[in-house]
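Trainee: I am new to this structure. Please walk me through the terms used for it.

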Amino acid sequence: MVRRRLVIHGRVQGVFFRDTLRAFAERSGVAGWARNTPEGTVEAVLEGDDDAVARLIEFARKGPEGARVEYVGEGAEEPQGLSGFSIR
């Protein structure tokens, strides 16, 4: 079990980034949340199996159609036992 916090920079708001990330996370068994920030980024917390979280991070580096990801900041955190995935 791992936990990663991402801050995704670029054209990532208004392109269904959070909802696409949520759907991918649910299919992959990854818990967490995603939210738009006032700075124009998307912040996300991902918790789950190391391989599944790694696949979501790879998706976040590309984003859904219409997104233009410029940079993804990533940090490791202590898992908290989250369940489900929400959009905040």
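**Helices and salt bridges**

Mentor: Start with the helix pair. Helix α1 (residues 17–28) packs against helix α2 (residues 50–62) at an angle of about 160 degrees, and their axes are 10 Å apart. Helices (H or I, at least four residues) and strands (E, at least two) are DSSP runs, numbered from the N terminus. Axes are lines fitted to C-alpha atoms, for helices over the stretch in contact, and angles run from 0 to 180 degrees between N-to-C directions. This is a predicted model: local features need pLDDT of at least 70, side-chain atom pairs count only at pLDDT 80 or more, and totals for chains, interfaces and linings use all residues. Residues are numbered from 1 along each chain as its sequence is written, and side-chain values use heavy atoms, with hydrogens and water left out.

Trainee: What makes α1 and α2 roughly parallel, or roughly antiparallel?

Mentor: Set the angle against the cut-offs. Under 35 degrees is roughly parallel, over 145 roughly antiparallel, 65 to 115 roughly perpendicular, and the rest oblique. The angle here is about 160 degrees. Therefore α1 and α2 are roughly antiparallel to each other.

Trainee: Which residues in α1 and α2 meet?

Mentor: From α1 come F17, T20, L21, F24, A25 and S28; from α2 come A52, R55, L56, F59 and A60. Contact means heavy atoms within 4.5 Å. By class, this contact has eight nonpolar, two polar and one charged residues. Ala, Val, Leu, Ile, Met, Phe, Trp, Tyr, Cys and Pro count as nonpolar, Asp, Glu, Lys and Arg as charged, and the others, Gly among them, as polar.

Trainee: Why is the pairing of R5 and E43 called a salt bridge?

Mentor: A salt bridge needs a side-chain nitrogen of Lys or Arg within 4 Å of a carboxyl oxygen of Asp or Glu. R5 and E43 meet at 2.7 Å, N to O. So the pair qualifies. R5 sits in strand β1 (residues 2–11) and E43 in strand β3 (residues 42–48), 38 residues apart.

Trainee: How do you know whether E43 is buried or exposed?

Mentor: E43 has 9%, so E43 is buried. R5 has 25% and counts as partly exposed. E77, at 27%, is partly exposed. R35, at 32%, is partly exposed.

Trainee: What makes the phi of F16 worth a look?

Mentor: Most residues other than glycine have a negative phi. Phi of F16 is near 65 degrees, a positive value in a residue other than glycine. F16 is found in the loop between β1 and α1. Its relative accessible area is 64%, so F16 is exposed.

Methods:
Buried means under 20% relative accessible area, exposed over 50%, partly exposed in between (1.4 Å probe, protein chains only).
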